[in-house]
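I wrote down what I looked up, in the order I looked.

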Amino acid sequence: METFTFKRGPIDSNETWTVYPSRIEGSGKHKDFKATTHAHFAYLPQARLTISQLVLCSGEETLKLQCNAQRGAESHRAFAGLIEAVLVNLKHENPSLSFTPPPSNQNAMRVGQVSGLIPALFGLNFIFQGIKDSSGFAIGMGVFFILMGWFMAWSFSPGTATPQSIEETMQYVVRVYRL
């Protein structure tokens with residue numbers, strides 16, 4: 001059993017969470033690790049704060065553990081310890097659990113990929129007009145727009161930074177928190 005106390009944000013009051021081998025409890029909530037069906041982990045470093053969130057889901061129940069604190073602050077370190085303890089116990093209690101990108105990341109990915117089509121379509125139009133008018137400049141612009149559309153779609157696609165298994169998530173947490 002491990003207990004962690006941190007603030008969700010700079011002006012919030014302290015929250016205390018206790019991690020048991022099979023569950024987590026705190027702030028009037030609890031979550032059984034075996035009942036967890038999927039999870040999300042998000043880490044977003046900003047200039048002054050880091051935004052961290054671990055979401056554990058089972059059916060309609062969702063437990064969100066969140067901390068917005070300066071890197072290296074007491075709350076940041078305590079939250080990192082909490083996340084590590086939860087992941088270690090999840091690995092033992094629910095080893096097949098998979099982590100998925102947060103839904104907001106999936107929506108941003110779709111918007112980005114669709115918005116990449118617009119410059120690609122402009123590019124195709126430039127190329128067809130360039131072929132019709134024998135204009136090398138229009139063909140060059142068309143290639144540029146197609147490449148720009150491809151880059152926009154690629155930049156919003158999921159990268160390797162989104163962990164998929166508990167082990168990958170643990171390695172990612174250690175790397176971003178430098179535990």
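This is a predicted model: local features need pLDDT of at least 70, side-chain atom pairs count only at pLDDT 80 or more; totals for chains, interfaces and linings use all residues.

Residues are numbered from 1 along each chain as its sequence is written, and side-chain values use heavy atoms, with hydrogens and water left out.

**Entry 1: Ser75.** I looked up Ser75 and found its place in helix H1. Helices here are DSSP runs of H or I with at least four residues, strands are runs of E with at least two, and both are numbered from the N terminus. Ser75 has a relative accessible area of 14%, so I noted it as buried. I then listed its contacts, taking contact as heavy atoms within 4.5 Å. Not counting residues up to four places away in sequence, Ser75 touches Phe6, Lys7, Cys67 and Ala69.

**Entry 2: the whole chain.** I counted five helices and seven strands. From the N terminus on, the order is β-β-β-β-β-β-β-α-α-α-α-α. The C-alpha trace spans about 75 × 35 × 25 Å along its principal axes. The radius of gyration of the chain is 22 Å, whereas a compact globule of 179 residues would have one near 16 Å. That radius is taken over C-alpha atoms, and the globule rule is 2.2 Å times the number of residues to the power 0.38. I put down 37% of the 179 residues as buried. Of the contacts between residues at least 6 apart in sequence, 51% join residues at least 24 apart.

**Entry 3: the nonpolar core.** I used this meaning: a set of buried Ala, Val, Leu, Ile, Met, Phe, Trp, Tyr and Cys residues joined through side-chain atoms within 4.5 Å. The largest such core holds 32 residues, and Ile24, Phe41, Leu65, Leu82 and Val86 touch the most other members. Elements that each supply at least two residues of this core include strand E1 (2–7), strand E7 (61–69), helix H1 (74–93) and helix H5 (166–177). H1 gives the largest share, nine residues.

**Entry 4: Pro10.** I found Pro10 in the loop between E1 and E2. Its relative accessibility is 57%, so Pro10 counts as exposed. Leaving aside neighbours within four places in sequence, Pro10 is in contact with Leu49 and Asn68. I also checked Arg48, which is 38 residues from Pro10 in sequence and 11 Å away in space, C-alpha to C-alpha.

Entry 5: Most residues other than glycine have a negative phi. Ser27 has a positive phi of about 50°, and Ser134 has a positive phi of about 55°. I placed Ser27 in the loop between strand E3 (23–26) and strand E4 (29–32). Ser134 is in the loop between helix H3 (117–133) and helix H4 (136–155). Buried or exposed: which is Ser134? At 68% relative accessibility, Ser134 counts as exposed, while Ser27, at 42%, counts as partly exposed.

Definitions and conventions
Buried means under 20% relative accessible area, exposed over 50%, partly exposed in between (1.4 Å probe, protein chains only).
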